[in-house]
Amino acid sequence: MDGLNALEEDCVPPRLLIIDHHDSYTHNLLICLLDGLAAKIERRGPFPERAREIASKLLLSRTTILPFTHPIWQDEKQAKQKLLPNYDALILSPGPGRPDSKDDFGASMVILQSFMRNSDELLPTLGICLGHQGIAIACGGSLKRANNLRHGMSSELIVIDDAANNSWPSILGNVQQSAGMTTYNSLVVDEASFPEDLKVTAHAMDAPVEEDEGKTEERIVMALQHTKHPIWGVQFHPESIASQGGHAILTDFLDNTHAYWKQQSESSQTSLANRALSKLRSWRQAEPVQAIAGDTSTSASRSTMDTTFSLSDSAEDPIRYTAAMQPLGRYDPTIAPSIFKEVFGGQSSSVWLDSARPGGHHSRYSFMSVPSWSIRYDVESKTIIAQGNGKKTELFLGEQEQSASFWTWLDQAQQTLQKRCDTSKIGDLPFKTGFVGYFGYEMKYESLPQIAFPPNLNSENTKCGSSFPSSWFGFCDKALVIDHETSQWYTIGLVQRPGRNPTHLNAGYLSELMERLDTQVGISPSHLEEWTESVREKLNGMNATKPSGVVTNRLLPSMRPIDTSSEYMNKVERARELIAEGQSYEICLTTEFEGQLSEEDAENHFDFYTSLRARNPAPFSAFLQLDTVDSDGKPQSILSTSPEKFFGIDADGLVEMKPIKGTAARAGYGKGEKDILQRVRNGDRESIQWCKEEDEERIKRLHADAKERAENLMIVDLIRRDLLHSCRPESVKVTKLMAIESYETVHQLVTTVQGRKVPISSKSSTNDTAHDGIGTVEAIRQCFPPGSMTGAPKVRSVQLLEELEHAQPQRKARGVYSGALGWLGVDGAVNLNVVIRTVCLNGNKISVGAGGAITFHSKPAKEWQEVLDKVGAIAPVDFGGAKE
Ligand SMILES: C=C(O[C@@H]1C=C(C(=O)O)C=C[C@H]1O)C(=O)O
Ligand SMILES: NC(=O)CC[C@H](N)C(=O)O
């Protein structure tokens, strides 16, 4: 690499092996390592202005993050012969469970034990949380449960400074005394039976989180180190965004590693000296680490996707379509519901992505369309059904490969279109035509490789909310766009390039599908013109007269919870127990509410949407009328009033996620506040004033609430890690940490995390096997399901939720709820919400999912109330006479 030779020796990091015990935070170590290394290069390197870029390249080419379940790590002999010799240092990651359980820690324990027995074999090692606990066990220590569980909270370090007595320097030399460090543990190393070979290097005095539990302050071992070997452990998470100065610890670990090999190279024991010399040589030469077959998952360094595809034609100019825009003029956005009904109503399928809560960056545009064809996917049978032009066709994905997935299929379809579309003429409009639809929660079976499809989850066993397709997308090659900021309206269209024969071949990867449906991707220029004119006429007509025919008082009937309050509260208790065992740090528990529409209303879902959006306006609202039907042939539709953005990529590749965690009811919407709300609605000044003051108070309380903040932090750390699969570590940033956003009925703590996606190749070639980088759908898959709907660590929490939420023997899927809904543009831009506060209408059956994050400090009754508050924003709740 440029300039590498000019770097000082200790600016070159060791070849680092990080073993990931399926934690959701492990990859964040890359950001933390980068911060430390970049600071060093900036101070000393010859290119201070390029320090972060150089540090990132160095780290990514020399670090491997290997899941502990990788076959090479499971086989001690292979690991020692084939893996460890290629690295200079080892980090054992945090993780759920216990280090004395093979299921949780795998071969990491035997490797540690062999290091202790035979120092000739060891690599300098840092254990973090689970890894730190593993070091204690490997040396004969034991664990106990901490008295005060503080997941996602900060502990102040009390660093023990007796460097003179250590054979290897401490790694805490550059952290401030009392620095706050985030912890995610339930277990701690028991100091009463502390191994002789280890020394405590830091403590914390952990205070009880709640005073009323009769608990007292407890002294915790926060860091340790081996007395003879270069082995260190920290109980806290230096990589957390809220830890203070964690990068200094990792930098010291790397420096100590360097010092260790230098010293060994001068050792009198020739075999060790030779080993050290060869390590130093490879280190200096900065040889990139050879990839290990299988999932090595330092994904940001992965420059190629593992999927390949080719197009059937090979013309030089790949552009087949131009995304075009036609301004319609200024119209009042309040006529949107009438226009939707007029222009898009009565079709077998129509979609409206509705910024129903205008104001603010996330509510600028709304899009309406009638898809010209659709695809839906069933994750169990691995079958895509495509529908359009009055035809239907099936594609079975499992035939080619067991690992085939709808994510990969859609990624390829989107990338094909991206290469064939010129979207440069469409200005700043974010959606430049493409897919509108959703990924349901069960798409997790194809995004989390560790989660297998359960045998008894099938459509017959599922209830209303989950009888929708696992995923559904309509292809919108023309759409109506409203800019709420300027009140300008536009039409957009994906126009086939004049002079090109609009045959099926134009669609590349989608050709076969288009052929089977006997249709095409895109529309003709005249089609867009004519359609635009017809919309303009309707708009003019509507603006002149008063909008009519739109209902805003069609409230949903009462909904019944499928769990009684005590059943739900028992599940909260069980989740708390699992957290106390160290199985998870936070679990997003959910349940479902069901109701029924009259037969007549089963055909008219849209009126409920227009009423709902008036009642609970939210920035990520949507109405999707699918082209699917329930078992009685009645329509299926989705009415969303989600406040939460899951995942977006803009035209420049800026990725943004905005997890919400931490909820408080707004004044007037809390338990027992119905009367006040009524008085407010009647204009009672005193009640209005009370609500105003009470809201200010609730906002302050929510913002300062340590438990709510911890809930949020755990998801923020998880989301940073999710983004590292598609973004380089130097680009991943938290731009807003725990800001308050207030909606109609609740206040929420919202964090903004951004990154920059590694772009797919910009080479405009039809040789699509030559692309590199990460496709949009693949980037989404790496973050799916949304962390705020699973808890952390993600995989283990999802596994636990499968047990917690599904009463045996009947399993029940979450369905559309908890998934992501929005648009996926032909240009690779995307914007998806988290499917919450959303109604699924399946003919006359209604389903609404609701839940909340459970931490150890959750109070079951409060959690149940939170669920009721969330559903209450959408429909009245009926307990069937039971007292709740
Ligand atoms: C689970 C839901 O909401 C999720 C949980 C939240 C919380 O625990 O505070 C907040 C927003 C969502 O991420 C829901 O609305 O059903
Ligand atoms: N973050 C972690 O590594 C947690 C370790 C262990 N599962 C505990 O709860 O103590």
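Reader: Where does ligand 1 sit?
Author: Ligand 1 sits in the largest cavity. A cavity here is a set of points, on a 1 Å grid over the protein atoms alone, where a 1.4 Å probe fits but cannot get out. "Sits in" asks that more than half of the molecule's atoms lie within 2 Å of the grid points. This is a predicted model, where local features need pLDDT of at least 70 and side-chain atom pairs count only at pLDDT 80 or more, while totals for chains, interfaces and linings use all residues. Side-chain values use heavy atoms, with hydrogens and water left out, residues are numbered from 1 along each chain as its sequence is written, and chains are lettered from A and ligands numbered from 1 in the order in which they are written.

Reader: Ok, which residues are closest to ligand 1?
Author: The closest are E644, K661, T663, Y817 and R837, out of 19 that surround ligand 1 (a heavy atom within 4 Å).

Reader: Switching to ligand 2: what classes of residue make up its shell?
Author: The shell has 7 nonpolar, 7 polar and no charged residues. Ala, Val, Leu, Ile, Met, Phe, Trp, Tyr, Cys and Pro count as nonpolar, Asp, Glu, Lys and Arg as charged, and the others, Gly among them, as polar.

Reader: Which backbone atoms touch its oxygen or nitrogen atoms?
Author: A polar backbone atom of L187 is 2.8 Å from an oxygen atom of ligand 2. One from G582 is 3.0 Å from a nitrogen atom of ligand 2.

Reader: What about the second largest pocket, what lines it?
Author: 31 residues line that pocket, and Y669, G670, K674, L868 and G872 lie nearest its centre. A pocket is an open set with protein on both sides within 12 Å along at least five of seven lines, and lining residues have an atom within 4 Å of a point.

Reader: Which helix gives the most to the lining?
Author: α21, with 6 residues. Helices are DSSP runs (H or I, at least four residues), numbered from the N terminus.

Methods:
Polar contact = N/O pair within 3.5 Å; in protein donor to acceptor, adjacent residues only side chain to side chain. Helix = DSSP H or I, 4+ residues; strand = E, 2+ residues; numbered from the N terminus.
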